[in-house]
Structure formats: C-alpha cells, structure tokens
Amino acid sequence: MFGSSGSRVLNVINISYIQSRSKRVWVRKPLGSPMAKSKIFRITPKPVLPEDEKAEIKRLFDNYKNSMKSIRHYFFEQSLKQAESGEVAQMKHRLEDQEHERLMEENRLENEKTAMLREERLKIQAEKTQQNVLASLIKKEGEAKLHEIQIEDFLTKQMSTPFIQAENIEKAIEDALANPVNFNFALDLNGYVYRGKDTSIDTIPEEKRERLNSN
Amino acid sequence: MIIMASALPTFTKIAKVIRLNRHGCTNRPFYHIVVQKTKDNQDGPVIEQVGSFDAMPNNKNEKLVALNFERIQYWLSQGAKLSDPVAQLLGLSGFLPNHPRTIIQAWKNRREPPRERKIEAIKGIAPPLDNPKL
C-alpha cells in the first residue's frame with residue numbers, strides 16, 4: 001500500500017544501488033500517519049516466564065557468551081600464528097634478511113673509508129704534537145740554563161760584596177769609629193748640596209759648593 | 001540513487017557480519033551464508049559467500065546446510081559477528097557450542113503440541129520426526 005502511493009513521501013530505508021524489479025521495496029509506515037483502527041485499543045499480552053526458566057535462560061546465554069568470547073580469542077591467536085609461519089611471512093623474512101645483509105655490508109665499507117681518513121688525520125696530528133713537545137722541551141732546557149747562569153751571577157755578586165767576617169770584625173769597628181758618616185744634608189733648588197747639620201749657606205762661597213751627583 | 005554505506009569513503013570501520021541472504025523464489029526460500037558489511041542490504045554487495053542453507057526439506061526429509069569452516073574461522077579471527085540463525089547452524093554442526101536458542105526451542109517444542117501444517121512431511125529414507133515443528 002505504501003509502496004504504490006505516488007503522492008506520499010516514501011520512507012524507504014535500505015536502498016539498493018542494484019535495482020531489482022521483481023521484489024517489492026520495503027517501506028516503513030510514514031511517520032505522521034495515525035494508528036490503524038484495528039490496532040488502537042490493542043493491548044498485547046506480555047509474555048510471562050517463570051523465574052526458574054528465566055534463570056535457566058540467563059545461565060545458558062552467559063555460558064554461551066563466555067565460550068564464544070574465548071573461541072574468538074583463540075581464533076585470533078591462531079591467525080597470528082599462521083601469519084607468522086605462512087609462505088608470505090617466510091618470503092618477507094627472507095627478503096628482510098637479505099636487505100639487512102646488504103645494509104650491513106654497506107655500513108662496513110663506509111666504516112672502512114672513514115677509518116682510513118681518520119688514520120691519516122691522526123698521523124698528522126701525532127707529528128704535530130711531537131714537534132710541539134720537542135720544541136717546548138728545548139725551550140725549557142734553555143730557560144733552565146739561563147736560570148742557572150743568573151743564579152751563579154747573583155751568588156758571585158753576593159759573595160763579592162765585602163761581608164764582615166769574624167776575622168774582620170775588630171778592624172771594621174775601628175774603621176767605623178774612625179770615619180763617622182754624617183747623613184745630614186740639604187738640597188738646593190739649583191742642585192747644590194750643603195752637608196752637615198749646623199752649616200749655614202752664607203758661610204760657604206759660591207765656588208766651593210758641591211754639585212749633587214746622582215750615582 | 002542513494003549510494004550504499006559501504007560505497008561511501010568512511011574513516012570509521014564498518015563491522016562485518018556472517019548472516020543469511022535470502023535467495024530463491026516466492027514461497028521457496030534458499031539462503032546463502034555470507035560475509036557482508038553490517039550497513040549493507042541483504043541483497044547488497046557481498047564480501048564472500050561462506051555456505052548455503054536450504055530451508056525446505058528435500059526428498060529424504062533433510063534440510064541441507066553447507067559451511068566453509070576454514071573461511072568462517074578466518075573471518076571470526078578478523079572480528080566478524082554472527083547473526084543468530086547462522087550461530088545456531090554452526091552450533092548444530094558442531095563447529096561452535098550449541099546456541100541457547102536451540103536448547104530453548106527444544107524444550108518449548110516438547111512442552112507445546114505441534115501446530116498444524118499445510119504441507120505434510122514426506123515419508124522417505126529418514127523417518128518423519130514426531131514433532132514436525134523441529
């Protein structure tokens with residue numbers, strides 16, 4: 001009835017791309033249409049099951065679902081195993097191994113090349129460092145010698161200065177007493193020295209003035 | 001014409017189902033046991049046919065069922081669901097455990113008297129069952 005009415009909007013549910021003219025298209029009742037007169041006051045009898053039957057049904061379904069779950073899991077595992085051991089997998093493994101070997105070979109060659117370059121570089125570096133070390137050693141030796149000479153000079157200088165030994169002490173005392181050193185002096189802006197504590201400038205004539213010699 | 005769900009490019013996966021596809025003629029059903037996408041029609045595109053089921057009993061009072069267990073196992077491993085009739089058939093064949101519906105139907109048939117049939121059971125090599133409901 002609903003399929004043949006042309007004016008209504010047909011509520012077709014599952015439409016097939018492949019047209020089949022022998023079958024009647026399944027169409028649901030239009031949504032706005034009212035309830036049929038034979039069905040308005042219909043009260044469907046609710047199916048009542050006894051409790052033990054319900055329990056039995058539940059038990060059966062629970063067991064079934066449990067076993068189906070485990071079976072599905074088992075099939076999945078089997079498929080994985082099969083995938084690993086099958087022909088395609090073996091060929092794949094073989095190809096992978098070949099590829100691996102090729103790459104390892106390539107890597108080895110590359111390593112050798114870089115090793116050669118590295119060897120040369122290291123040789124040159126070794127030479128350089130050797131030369132540097134030698135140069136520094138020579139310099140150090142030279143410096144040591146210089147140092148020694150300097151020390152010797154210094155020692156000789158020190159030794160040559162007239163130290164007062166135990167033998168010379170009496171003579172030295174007598175000499176010191178005989179020649180007292182007067183540190184008192186004054187300087188002029190013109191560069192003349194006036195020695196002695198109590199000398200006045202007026203007493204000395206201009207010619208006898210000492211000139212300050214900076215030793 | 002509106003395109004089928006499986007023909008549209010979707011980013012979500014559409015689940016696959018093993019179910020009965022009605023072929024045959026009027027008043028003479030013949031089912032193909034088939035792997036399809038859930039969204040497709042019963043007469044729509046089929047991924048693989050995995051068996052058949054003849055609902056009409058033959059000369060020897062047998063309902064013939066064909067099942068490709070290897071392929072069914074493969075599709076179950078790939079996550080295909082089963083419709084109830086197919087699950088029942090697989091349970092009866094011994095591939096899977098018996099579906100609860102078979103057991104429930106069995107005890108219901110034992111309880112109630114069989115309903116009247118227009119077509120009589122054909123007498124042949126296999127004796128007609130006491131309860132034609134089965």
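The model is predicted.

**Chain A: two helices**

Helix H1 of chain A spans residues 51-85, and helix H2 of chain A spans residues 87-160. Their axes come within 5 Å and cross at roughly 50°. H1(A) is therefore oblique to H2(A). On the H1(A) side, the contact uses Ala83(A), Glu84(A) and Ser85(A). On the H2(A) side, Glu87(A), Ala89(A), Gln90(A) and His93(A) meet them. The residues of this contact divide into two nonpolar, three polar and two charged.

**Chain B: sheet and helices**

Chain B holds an open sheet of five strands. The strand order is E4-E3-E2-E1-E5, with mixed pairing. Strands E4 and E5 of chain B are the edges, and each pairs on one side only. Strands E1 and E2 of chain B pair in the antiparallel sense over 10 bridges. Within this region, Asn21(B) stands opposite His32(B) in E2(B).

Two helices of chain B go with the sheet. Helix H1 of chain B lies across E1, E2, E3, E4 and E5 of chain B. Helix H2 of chain B packs on the sheet and touches E1, E2, E3, E4 and E5 of chain B. The table gives their directions.

| Helix | Residues | Reference strand | Angle |
|---|---|---|---|
| H1(B) | residues 69-77 | E3(B) | about 125° |
| H2(B) | residues 84-93 | E1(B) | about 95° |

Among the strands, E3 of chain B covers 48-54. The edge strand E4 of chain B covers 65-67, and the edge strand E5 of chain B covers 81-82. Strand E1 of chain B runs over residues 16-25, and strand E2 of chain B over residues 28-37.

Technical notes:
Residues numbered from 1 in each chain as written. Chains lettered and ligands numbered in written order. Predicted model: local features only at pLDDT ≥ 70, side-chain atom pairs only at ≥ 80, totals over all residues. Heavy atoms only, no water. Axes fitted to C-alpha atoms, helices over the stretch in contact; angles between N-to-C directions. Helix = DSSP H or I, 4+ residues; strand = E, 2+ residues; numbered from the N terminus. Parallel < 35°, antiparallel > 145°, perpendicular 65-115°, else oblique. Contact = heavy atoms within 4.5 Å. Nonpolar A, V, L, I, M, F, W, Y, C, P; charged D, E, K, R; others polar. Pairing = 2+ DSSP bridges.
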